[in-house]
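Here is a short report for a reader new to protein structures. Keep the display in view as you read.

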Amino acid sequence: MKKELIRLENVSKSYDGELILDDLSLTIHENEFVTLLGPSGCGKTTTLRIIGGFETPDKGRVIFDGEDITSLAPNKRQLNTVFQKYALFTHMDVAENIAFGLKIKNKPQDYIEDRINYALKLVNLSGYEHRMPGSLSGGQQQRVAIARAIVNEPKVLLLDEPLGALDLKLRQDMQYELIRLKEELGITFIYVTHDQEEALTMSDHIVVMNQGYIQQEGSPEDIYNEPENAFVADFIGDSNIIKATMVRDELVNILDTDFICVDKGFGENTPVDVVIRPEDVELVERGEGTLPGRVSHVIFKGVHYEMEVQAGGYAWLVHSTRLYETGKEVDIKVDPFNIQVMNKPESEDEEVLSVDD
Amino acid sequence: MTDKKTSRLLTSPYTAWALIFILVPLAMVFYYGFTDANGALTLANIKAIAEPVHSRALLLAVVLSVISTVICFLLAYPLGMILAKHRVTGQGIIITLFILPMWMNFLLRTLAWMTLLENKGVINGILDLLHLPEVNIINTPGAIVLGMVYNFLPFMILPVYNSLSSIDDSVINAARDLGADTVQTFFKITLPLSVPGIISGVTMVFIPALTTFAISTMLGGSKILLIGNVIEQEFTLTYDWNLGAGLSIVLMVFIVVNMVVSAMAERDDSSEKRSVRRSISHTAGSDAGAGREER
């Protein structure tokens, strides 16, 4: 078991009477890459700002390494932040930016120079010491921001949507760099994003948030394969979320057709939601599957075809490398392991399906 | 080709304007400045700045405008900080209130101060009523500084506020995050990042203050002569246009040197901010110009 590093205890925060975080509790361990994932306005950035010390919670406590730091000023905290818009000091060159924190701490000059070289090497920007931030590309500026944060040897690096302003290719490259950095530094990363792909790629642990609540926590695999509710299923990747009835253990009725599944313990004839990932929906020739349907739409996506199949009154999203032409009569077949059964939401908060991408 | 023709056509009125109202007068100033009454070339008018009356007037003008500029800065900077940092509700109204005097004529405002500060003026009237000793403000250098500060303060507030409010919160947060306390953050981040605004504010207060003669005439009486007054009198009383032009050239060179120095300091500033500042400095120029014409 990893050592606990940060603990948020029953943290609440509201702005202008609007509740942003409601009684949020969260534990973050040492040397973990934790991602706070959710749509805009879900409270993920506020959570990060509370950890960074830029916001004080209305209620609750923040524990860092066993100490209560709830009202400690940001400059006294053993963590550093990489801001969304880089927030570089435009009147200083790259080296001066990186040296800022060390100079404040009155470190000796040769130590500072060593650290600058080390940090620039780490983010692949050696030789950029005397460039001004304004002359760098977005990706380079973000690397400088990361270098500026890590030279201070924080125990935790907070990253607030750091790749949001970069183009797709650069974003993917930076994802790998961040993973490498985290491994080399061996410190905890807390990463905020609304991009589920980013979260799945980089994280050890994902915290899905919506409307100030944690919807689900777990490894990327857990979150993707076993979403606990419709919000998580919908937010993480494309999926077919269908209202269904749990007939009995290991048998679920979806769109008036019985499917064998592996879930148990929901009781008999219980209304549930099921989620089936598009890549888990198999299309077979008529008569070979469970549910008859007709292909209504095909889009070529490169690695696979994205098809829409009308079956049982629902438009199924299907990903397959095998093409079925529009209008083709097919059957739908789903492997029992690939049907994820979820409880119906108990509160309205969980029911929010409107996701802004 | 057509594009070029059109643009030449469109700019022609402005070219003509610049020629007639800027270049020709400037050429005349230089002609008069470098010639004597008979039209012979001479440097005497330029060298005249070395005469004690003139150099003292220039020195006094520099001293009073420096004092006014410093006071304007000390008043404007905290206001800019407060407004930029706290995003006060009604922020626009506060800014407008400070700018509001600019909507009134420059001479009228100065004239109003004259009535307030006169020995038998409003302020002493109130002091009399309260049985307090009268104060003698009018016709002192202090009155001139007061007039300068009152008239030119908005030109300091606007650029300083602009540059302070363009500093992103996350930059301040980043400095705090890297261990700087509030004082360190101010001196290492906020102040340096607002330097372009400070420079343009200083320029826009210092130059009109340096060249003013209206304020010093009205609030300083005829005893305190600034370089502006000296030049004015050469034209309107002594009718020695050559000397007046010569001294003007000296003052112009002095200002140009100042501008070049400040331009070098703000060179790395973004073009966006610069355009804002330029539009403000235009307002400043026209205001001071209006004052001059009406005299």
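## The model

This is a predicted model. Keep that in mind for every value below.

## Where the chains meet

How many residues does each chain bring to the contact? Chain A gives 23 residues, and chain B gives 17 residues. Together, chain A and chain B bury about 1700 Å² between them. Carbon and sulfur atoms give 62% of that area. Three residues of chain A stand out: Asn75(A), His91(A) and Ile104(A). They supply 33% of the area that chain A buries against chain B, more than any other three residues.

One salt bridge is found across the interface of chain A and chain B. In a salt bridge, the side chain of Lys85(A) meets that of Asp168(B), at 3.0 Å from N to O. On the side of chain A that touches chain B, β6 (79-82), α2 (94-104) and α4 (138-150) each supply at least two residues.

## A nonpolar patch on chain B

Chain B also carries a nonpolar patch on the surface. Its members include Trp17(B), Phe21(B), Leu26(B), Met28(B) and Phe30(B). The whole patch has about 970 Å² of accessible area.

Take Met28(B), one of the patch residues. Met28(B) lies in helix α1 of chain B, which spans residues 2-33. Is Met28(B) buried, exposed or partly exposed? Its relative accessible area is 43%, so Met28(B) is partly exposed.

Methods: Residues numbered from 1 in each chain as written. Chains lettered and ligands numbered in written order. Predicted model: local features only at pLDDT ≥ 70, side-chain atom pairs only at ≥ 80, totals over all residues. Heavy atoms only, no water. Patch = residues over 30% accessible without salt bridge, like charges linked within 9 Å, V, L, I, M, F, W, Y side chains within 5 Å. Areas by Shrake-Rupley, 256 points an atom, 1.4 Å probe, with all protein chains shown as cover. Salt bridge = Lys/Arg side-chain N within 4 Å of Asp/Glu carboxyl O. Helix = DSSP H or I, 4+ residues; strand = E, 2+ residues; numbered from the N terminus. Buried < 20%, exposed > 50% of the residue type's maximum accessible area, 1.4 Å probe, protein only. Contact = heavy atoms within 4.5 Å. Buried area = accessible area lost by both parts, 1.4 Å probe.
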